[in-house]
Amino acid sequence: MRVILARPRGFCAGVVRAIKVVERSLDVFDGPVYVRHEIVHNRQVVEDLQAKGAISVEDLDAVPDGATVIFSAHGVSKAVAAEAKRRGLNTIDGTCPLVTKVHRQVHRLSGQGFEILLIGHAGHPEVEGTMGQLAEKIELIQSVEDANRVEVANPERVAYVTQTTLSMDDTSKIISVLLRRFPKLQPPPTDDICYATQNRQDAVRRIVKSADLVIVIGAANSSNSNRLVEVAASRGVPAYRIDCAAELQAEWFQGVGTVGITAGASAPEYLVQEVVSHLKECYGAQVESELDGTDEDVHFPLPRELVTVSRHRPRHGVLREGDPDEGGHGRDRPPLRQGRGDASDH
């Protein structure tokens, strides 16, 4: 059996930043640090941070008044942020800057008098956060059928934004329908689907040209991981999403000569290496190549409020200007289970 590794795969800059936000908060704040919703959609990452002291909650009701709470990478509604402020919570915003960009677009478009259509999946926390940016209604478009049915008050003043982790294939079909129905439809100034989502989907498109089977490592509630499965399946290649190597099924590999492996943007690299080790042990697999792909050199600084506190209240060691934890441009990955496969395995 031959194994081909996708490149890029795994952690994106927004996930790296979100994890650093939690780790730095644990380092500088006295008392417990709470994280509203999973900081990123990956059980192993969440459990690693919990082992370091982070307390995961789904609602602010579970956070004591005056405590420190971190908002997840998916963003929150204005109502959640306002409730945290009302209760005197010390809030640290772990929202991915690319999601924040969409929130800003929504406010700008609304201020210009546009009716807003949001292309995304109902129930996803990013979608809930974006729709909760405005008091007025944002219409959610989940499918081509929705695009064909939606009605707007003024076809001359309608705009769209998108969830950042969608399939580019599906999104383009929806946008085509909306443009046919509303020729004056206002697009975002830049593509809302994030660079990491695009790059990982492009990598799967390359890998299916050589693979008989694709394994996607990522959580069941990870939108970008599920989209990777869909990209492979839409091109006629069987694909399975797994949390970890323990979920691999022997029947998937019957008659398979080449396996492509990738990982969603919130899946740590050590999970990829565990899958590779399993295939080597059970099937004598050989990792013959890592496909050429886009080099990612994106780094997001930590929230300003956290950087300020870090400079004044370092509890472990001395922070230096330009330290990657202070919003510099270091390339280090969060220290999650070091020695079990990290960025150096790419």
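What percentage of the 346 residues of the protein chain count as buried? The figure is 54%, where buried means under 20% relative accessible area, exposed over 50%, and partly exposed in between, with a 1.4 Å probe and protein chains only.

Colleagues, this is a predicted model, in which local features need pLDDT of at least 70 and side-chain atom pairs count only at pLDDT 80 or more, while totals for chains, interfaces and linings use all residues. Residues are numbered from 1 along each chain as its sequence is written, and side-chain values use heavy atoms, with hydrogens and water left out.

I begin with the chain as a whole. Its secondary structure comprises 11 helices and 12 strands; these are DSSP runs numbered from the N terminus, helices being H or I of at least four residues and strands E of at least two. Of the contacts between residues at least 6 apart in sequence, 78% join residues at least 24 apart, a contact being heavy atoms within 4.5 Å.

Next, helix α2, which spans residues 43–51. Its buried residues are Gln44, Val45, Val46, Asp48 and Leu49, and their cover includes α1 (13–28), β3 (54–57) and α10 (269–283). At the start of α2, a side-chain oxygen of asparagine 42 comes to within 3.1 Å of the backbone nitrogen of glutamine 44. Just after the helix, glycine 53 adopts a positive phi of about 125 degrees.

I turn to the aromatic residues. The whole structure contains three aromatic pairs; rings of Phe, Tyr and Trp (its six-membered ring) pair if their centres lie within 6.5 Å, and planes under 30 degrees apart count as stacked, over 60 as edge-to-face and the rest as tilted. Tyrosine 240 and tryptophan 252 are stacked, at 4.0 Å centre to centre and 5 degrees between the planes. Tyrosine 240 lies in strand β10 (239–242) and tryptophan 252 in the loop between β10 and β11 (258–263), so this pair ties together parts 12 residues apart in sequence. Tryptophan 252 is buried at 15% relative accessible area, whereas tyrosine 240 is partly exposed at 30%.

Phenylalanine 253 and tyrosine 283 form a tilted pair, with 5.1 Å between centres and 40 degrees between planes. Because phenylalanine 253 lies in the loop between β10 and β11 and tyrosine 283 in helix α10, the pair ties together parts 30 residues apart in sequence. Phenylalanine 253 is buried, at 5%; tyrosine 283 is partly exposed, at 30%. Tyr240, Trp252, Phe253 and Tyr283 form one aromatic cluster.

Methods: A polar contact is a pair of N or O atoms within 3.5 Å; within protein, one must be able to donate a hydrogen and the other to accept it, and residues adjacent in sequence count only if both atoms are side-chain atoms.
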